[in-house]
Amino acid sequence: MAKSFSFDLSGLQRAIDEVPDTVFRGAKQAFDDIKDDWTRASRDVAPLDTGNLRKHIHGEVDGTNLDTLVVEMAGNATQQNGSG
């Protein structure tokens, strides 16, 4: 027999609406933590041959409100030889 349930989140939504700056700062901190975890995990599995990729893996958190927060990750595996 299937069970169903529901949550009344109106109180939570009201609290979020009353302190949007605090909620945004908390969410941004969570995204920063995610970025740091992804960076660490990516570096752990990157090849060791030259170490170039590991050095160039980085992330950035961008966004000005809860709806636009994103984590962007990038890495560069290219390496210039001595001639430029």
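Visitor: How many helices and strands does the protein have?

Guide: Helices (H or I, at least four residues) and strands (E, at least two) are DSSP runs, numbered from the N terminus. Here there are 3 helices and 2 strands. Along the sequence they follow the pattern α-α-α-β-β. The radius of gyration is 20 Å, well over the 12 Å that the globule rule gives for 84 residues, so the protein is more spread out than a compact globule. That radius is taken over C-alpha atoms, and the rule is 2.2 Å times the number of residues to the power 0.38.

Visitor: Where do these numbers come from?

Guide: This is a predicted model: local features need pLDDT of at least 70, side-chain atom pairs count only at pLDDT 80 or more, and totals for chains, interfaces and linings use all residues. Residues are numbered from 1 along each chain as its sequence is written, and side-chain values use heavy atoms, leaving out hydrogens and water.

Visitor: What box do the C-alpha atoms fill?

Guide: Roughly 65 × 40 × 15 Å, taken along the principal axes.

Visitor: What share of the residues counts as buried?

Guide: Buried means under 20% relative accessible area, exposed over 50%, partly exposed in between (1.4 Å probe, protein chains only). Of the 84 residues, 14% are buried.

Visitor: Which residues form the largest nonpolar core?

Guide: A nonpolar core is a set of buried Ala, Val, Leu, Ile, Met, Phe, Trp, Tyr and Cys residues joined through side-chain atoms within 4.5 Å. The largest has 5 residues: Phe-24, Ala-27, Val-61, Leu-69 and Val-71.
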